[in-house]
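Work through the two exercises below. Each has a task sentence and a stepwise solution.

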Amino acid sequence: MSLYRTELRRLGKRRFARWATLLGLLVLGAVLVGVFFTNQKIGPDQLAAAQQKAEQEYQQQVRWAEAERKSCEQAKASGQDQQDGRYPPDCEMITPPPPESIEAQWFLPSTFDFRASFEEMIVTFTAILALIGFVIGASFVGAEWSSGGMTNLLLWRPQRLTVLLTKLAALLTGLVGVTLAAAAVWTAGFWTVGTLRGTTEKMTSGVWQSFALTGLRGLVLVVVAATLGFALASLGRHTAMALGGAIGAVVVGQFGLGIVMSMAGARFVEAWLLPTYGLAWMTKKVTLEDWDSCNTSSHFGECKPDTFDLTWQHASILFFVALVAVLGAALVSMRQRDVA
Amino acid sequence: MSAVLEIEGLRKTYKSRRRGVRHALDGFDMLVEQGQVHGFLGPNGSGKTTTLRTLLGLIRPNGGRMAILGQEVPAALPAVVNQVGAIVESPQFFPHFTARDTLSLLAGAGEVPQTRVDEVLELVGLRDRAGERVKTYSLGMKQRLAVASALLKKPKLLILDEPANGLDPGGIREMRTLTRDLAASGMTVLLSSHILGEIQLICDSVTIISLGRRVAFGPVDQVLAEHSGGAVRVRLEAVSDLPAAADALSRAGVAVTAHHDHLMLTGVEKPAQVSRILAGQGLYVSELAPVTVDLESVFLELTATAPVPGQHRQVDQSTKVGDAGQPGVAGGGWGA
């Protein structure tokens, strides 16, 4: 049996890896079930009910406008309006909105449009599995270091880089396998939700291709997160190194930095936050807006904020640099440092 | 007899900005020949475990030469590692795996047949507890598991660091028998232990290390003989004759220490010479016995680690060979 297959076996036997995977899948299942029960299919009954509700809303607006107009006329007659100026100069200007401005679709129940909504679900799926991947990656090597298992293994295979990289390969193989299987179930699950609680119409091959590419980027993100967790834990020779590093990065690097940049009046504060890059990677582009700026764009003086586009290319550079730096440091440390 | 393990001039230095430089190994030498059970002794912090870890590629040396089974290590370690079974320091295993899983994964990593797992579990007496998690094991059971892991490969060289640590008396005896049996089957065993009585019973040869340097080595009998000092205990038929006997022997150039019922002589090459001198004075010997020393007393003498009433010896206070006035006590440790 090769070292690679042994490490795959070890990964499968690790209780933490199994429980963390199960927890991640349960969360995904909960999301799927939640979406299923909070959506429903739109049929003639739902359309009729929505039209009825729209009509009711219109009638309510008519009654309100009538009451306001009467109040206006009374206020004008008593001269009270001159003091508070609540009403327009001519009370006839108070009219209900046109019937067509209250749309029936506003009153339709939530429905799951597979074509419009599945990409968001891929992002959710990726976020959960990337978190699970990071934690399992950290634990897989961190617990080996802290329990002495790595020392034992190196007594059997005294090729440090080979051992570490084989462990990483086994971890990523397992994770990619679980991710692909879960992704298949996730897609089938939401297709079912679309079929039973929404619509799966307008699904062209181009849309499927777009989903596949988003899913592929999600898979890459899961792999990067797991590798970072693995490398950080190996660098610190303890699972806590990776988890502590991640918590520190979130608390100091994200909340803290966000507050400091806001206080400093920096533009596009979100450009300093990691989740923005994750979202840019998944959705290909995130447009940030600076609401402190005002560019008059029309004759009516409407403000348009400055914008800044973060693309998946920006995100890929960040992830690549982080991956090379952390994994490189872990490999150098593995090669150079004594195993005490 | 060919050498299975050779170490020459091994050096390992730790540097710290705050605590200076510490020479954990300072030109250490060692030679273990095939088929021997070789004892590796030294006080705490003397460099035993550092030596073993360096030999096994866990620590990078700063200098010196090492060879296992004729191949230079660490360069050739991947080639010879399948012939070396080792446990270093306290047994460390992933606590949530069973003993069988632990050994099975090691066997997989080392490409050893899985059938060997049950063989070694039987050998170390863990067969019936093999399905339990390691975290439920006592120290002695973990020690047995560690020995089992070292034996998995059927190694030519077995390195055991404190294998009797945590074992009950029966376990210690089993370990002794096992070690002897393994040596009899042609395996070379390097045994590091603080139980010197065990070492004296089991080992053919020893190396004693103190502050990173070898202070004694060779066959056990030879090391004991070299450090017995030729001491002889003499008793006479009449205790009242002891002063006259002491006087006669002193005049003959023998160093004498008088006790209330006997004399202790040192520097005596031939005990028969003592009989001759005393008989010449009309003094008759009732006992003339060469004083034997045990490994413990030799160890304490060589490493200068014998307890002194009223003093608290620190970990790095032991003999360093090659220093001025040696053998003596050198202050080692950080900054030395």
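**Exercise 1. Describe the contact from the side of chain B.**

Step 1. Count the residues. Chain B gives 23 residues to the contact and chain A gives 24 residues. Two residues are in contact if their C-beta atoms, placed from the backbone, lie within 7 Å.

Step 2. Assign elements. On the side of chain B that touches chain A, helix H2 (77-80) and helix H3 (99-109) of chain B each give two or more residues. Helices (H or I, at least four residues) and strands (E, at least two) are DSSP runs, numbered from the N terminus. H3(B) holds the largest share of this side, five residues.

Step 3. Sort by type. This side of chain B has 14 nonpolar, six polar and three charged residues. Ala, Val, Leu, Ile, Met, Phe, Trp, Tyr, Cys and Pro count as nonpolar, Asp, Glu, Lys and Arg as charged, and the others, Gly among them, as polar.

The model is predicted: local features need pLDDT of at least 70, side-chain atom pairs pLDDT 80 or more, while totals for chains, interfaces and linings use all residues. Residues are numbered from 1 along each chain as its sequence is written, and chains are lettered from A and ligands numbered from 1 in the order in which they are written.
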